[in-house]
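Welcome, and please load the model in your viewer. We will go from one selection to the next, with a short note at each stop.

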Amino acid sequence: MIRVVLMTDFSESYANKLIKGMSRYSFERTPLVMCKMPLSVYSSGGLGKVLEFAVKWKADAIIGQFNEGDDLDLFRKNGIIVIAQDYRKRFEGISNITADYFAQGMEAARYLIKQGVRNFGFYGLSGMVWSDERRQGYIHAITKALNGAEVSVLERSSMDEIWWYDLGKVTDWLRELPKPVAIFSCDDNMAFHIIEACNQMNDPAIRIPDDVMLLGVDNDESLCQLCSPTLSSFMPLIEQAGYYVAKQLDDRMQMPLKERLDAISDIRVMPGSIVTRRSTDIFFHENPYVKKVCDYISLHYTENITVNELVALVPMSRRLLEKLFIGEMKVSIYQFIISLRINKMISLMTQGHTAQEAALIMNMDSKALSRSFKSVMGRTPSEYIKEISK
């Protein structure tokens, strides 16, 4: 049995998904006893009180959000393994639960560019490694893909809590942005600010997703569904990372004490997929007929759509529509439909559904969907999930 103190913000989906993954390992492999330490212990008494708490509780390990300048060697001196959950920075000399946030930002940019929008914004928290690097990757991908296109950035300090209640700076920024605009927010909580600001303004020229397309991170189901309109979100495989946190602790507890405390191996939160909801469920294109076809496909892509059915939507021939579509979307109509189906299938599978369950939810034939998946991805759905889960 391994005794673990958890010092994190349990009101957030990220921490709870980590715990869920650790609990799954505990059920399947080696039992873990986890103590959720109130953050008030740290805020009121500092690291010394946290150490006192951990020692009194006879902890084998502590996982938490630590600040720069914290002397984490105090835990090591008391025989306690330390793992830092990415908060403000990554730490040297201990294991970190971290991710390639730069790559996440790039993926968010690619997703939003495909929606046809050409104005971009980023809303984040300055001084937080996960926000800073997502911003950097987002801007890099956009400027590279669109010949130096600019990204408007609004960031608040993590210490400026008044922003949670006063959205004046956000509403001013939203009014100034050229429309339509795609905004990538550093996480779902910050994206919620954007939606609240838009709803408070009640401005017919600043509507989500018609004028402001919005994407968050972490796929906090309760928050994403609470938003109006519902929030699209990048979904890293956080629960899977929690499973490997528990595995690392289990492995290290088998070592002699000094080796256990000296062992350092970061746990990487692997990228998952983007879960599309209403906040990005729209396409922006210069050609209104291409836009109309894309919007129709986005609503009916799990159905047996024919090109003739799409031609009936617009005043042009099949040949002209196909030519215009490829010119603007860079893929054929058929390829576009298949890509939407595969993206939806990946989203469902990274949420824990099997390929067969995903097909059932999409009301599609499982074998046909799997064949399309393999033809595009070069591997079967099960092989793909196994690969990203390594």
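Which residue stands opposite I81 in strand 4? Select A61, and you have the residue that stands opposite I81.

Before going on, a word on the source: this is a predicted model, in which local features need pLDDT of at least 70 and side-chain atom pairs count only at pLDDT 80 or more, while totals for chains, interfaces and linings use all residues. Residues are numbered from 1 along each chain as its sequence is written, and side-chain values use heavy atoms, with hydrogens and water left out.

**Stop one: strand 4**

Select residues 81-85, which form strand 4. Strands here are DSSP runs (E, at least two residues) and helices are too (H or I, at least four residues), numbered from the N terminus. Five of the five residues of strand 4 are buried, where buried means under 20% relative accessible area with a 1.4 Å probe, protein chains only. Colour I81, I83 and Q85 for one side and V82 and A84 for the other; both faces are covered.

Strand 3 (residues 61-64) runs parallel to strand 4, joined by four bridges. Strand 5 (residues 95-98) also pairs with strand 4 in the parallel sense, over three bridges; two strands pair if DSSP finds at least two bridges between them. To find a contact point there, pick Q85 and its bridge partner I97 in strand 5.

**Stop two: strand 9**

Next, select residues 212-217. Six of the six residues of strand 9 are buried, so the strand is largely enclosed by the rest of the structure. V212, L214 and G216 point one way, and M213, L215 and V217 the other.

Show strand 8 (residues 181-185), which pairs with strand 9 in the parallel sense over four bridges. F184 has L215 as its bridge partner in strand 9. Follow the chain from strand 8 through helix 7 (residues 188-201) to strand 9: this β-α-β crossover is right-handed, meaning that with the strands pointing away from the viewer, the path from the first strand over the helix to the second runs clockwise.

Strand 10 (residues 232-235) pairs in parallel with strand 9 over three bridges, and there L215 has S232 as its partner. The chain gets from strand 9 to strand 10 through helix 8 (residues 221-226), in another right-handed β-α-β crossover.

**Stop three: the cysteines**

C198 counts as buried because its relative accessibility is 5%, and C224 does so at 0%.

Note on methods. Buried means under 20% relative accessible area, exposed over 50%, partly exposed in between (1.4 Å probe, protein chains only).
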